[in-house]
Amino acid sequence: MSSMKEQFWAARHPPKNPSHLSFNNKVILVSGANDGLGFQAALKYAQLGASTLILGVRSKEKGEAAKVSIIQQTQCSNITVMTVDLSTFASVKDFARRVNEEVPQLHVVLLCAGIMTSKYEKSPDGFEMALQVNVLSTALMVLLLLPKLQKTVCSDGSIPHLCIVNSLATQEIKPELIPTDNMLIQRLNDASKFDFYAHYYLVKLAARFFVQELATQKSAEEGSRTLVSATALGSESNGKLWLNDELPPPGPFMASQCAADLSPATFQEILTILRQHCDLEGML
Ligand SMILES: NC(=O)c1ccc[n+]([C@@H]2O[C@H](COP(=O)([O-])OP(=O)(O)OC[C@H]3O[C@@H](n4cnc5c(N)ncnc54)[C@H](OP(=O)(O)O)[C@@H]3O)[C@@H](O)[C@H]2O)c1
């Protein structure tokens, strides 16, 4: 957790409202769009003129309720609800297939769906649930939607963006939480090592490493098109944390040699698992 002082400061310095931005003529996909940050972001995109909103939600009913609420509050009426359950790779693949088939262009993808778990529970695919939802399934969704983003042309000259909501937690990782064998995904999946406090930090760290490594897979130009940490930033934000209108320097752990080694190792661990569930040929 950030210190009381930092939380107090942040409460008094909310991020600027990006009211200068326009998402006119843009197709925006938000996951976790029925509640919390995802719903508020979807509402804001609608307020900022999004021409089409795709609400990626686990429950059709909750998604439809969010759609009604957004229509009532904004001018945006072109809203599609699509279901996806991140607890299974099959659902992610089905969702991505529908998006790729039914949506001609995709300008912004904002992935907000996520959970915090208090006890060890396995997903239907056999992974610890938060690991599956926040890291593995989210990574698969990113890989399956990237080609559509890369092909999308923005008429205003801007670049398509993809953003995964992460957490300040990655700035505050304590080195003693890090597995010494460089096997972060295996560590997160190990029921005997489950610890509520450490789990959220390490799940967020794994998701951040995935973004960081994926961004380095691309040329600077390609990377800037697809993976930035906020949907209106440029390539300078790739793989970094966008917080309170700033890209803060990495925390002590993220700046360490240990993180530099663990990041690519975690990326490879994630890809090894995803390749067992999906053909990623040509995507990386
Ligand atoms: N709120 C914060 O202060 C804060 C701070 C830092 C980071 N974050 C991160 O931001 C993200 C969103 O947080 P939030 O506070 O907005 O959470 P939230 O209010 O609990 O919303 C989570 C969203 O994720 C969806 N979801 C959960 N499990 C899912 C699954 N298996 N498949 C598909 N969708 C699923 C939920 O759908 P249902 O309604 O159907 O459950 C809901 O729409 C999380 O990754 C969180 O760690 C939040």
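Of the 21 residues around the ligand, Gly 32, Gly 36, Leu 37, Leu 86 and Gly 114 come nearest (a residue is near a molecule or strand if its C-beta atom, placed from the backbone, lies within 6 Å of it). This is a predicted model, where local features need pLDDT of at least 70 and side-chain atom pairs count only at pLDDT 80 or more, while totals for chains, interfaces and linings use all residues. Numbering starts from 1 along each chain, as its sequence is written. Within the ligand's shell there are eight nonpolar, nine polar and four charged residues (Ala, Val, Leu, Ile, Met, Phe, Trp, Tyr, Cys and Pro count as nonpolar, Asp, Glu, Lys and Arg as charged, and the others, Gly among them, as polar). Two helices, α2 (36–47) and α5 (129–151), each supply at least two residues of that shell; the largest share, three residues, comes from α2. Helices (H or I, at least four residues) and strands (E, at least two) are DSSP runs, numbered from the N terminus.

Now for how α5 packs. The axes of α5 and helix α9 (residues 257–275) come within 10 Å and cross at roughly 75 degrees, which makes α5 roughly perpendicular to α9. Axes here are lines fitted to C-alpha atoms, for helices over the stretch in contact, with angles running from 0 to 180 degrees between N-to-C directions. Angles under 35 degrees count as roughly parallel, over 145 as roughly antiparallel, 65 to 115 as roughly perpendicular and the rest as oblique. On the α5 side, Val 135, Leu 136, Ala 139, Leu 140 and Leu 143 meet Ile 270, Ile 273 and Leu 274 of α9 (contact puts C-beta atoms, placed from the backbone, within 7 Å). Sorted by class, this contact has eight nonpolar residues, no polar and no charged ones.

β4 runs parallel to β1, joined by four bridges, and Leu 111 is the bridge partner of Ser 31. β4 also pairs with β5 in the parallel sense over four bridges, with Val 108 opposite His 161. Pairing takes at least two DSSP bridges between two strands.

Asn 25 sits in the loop between α1 (4–12) and β1 (27–31).

How values were computed:
Two residues are in contact if their C-beta atoms, placed from the backbone, lie within 7 Å.
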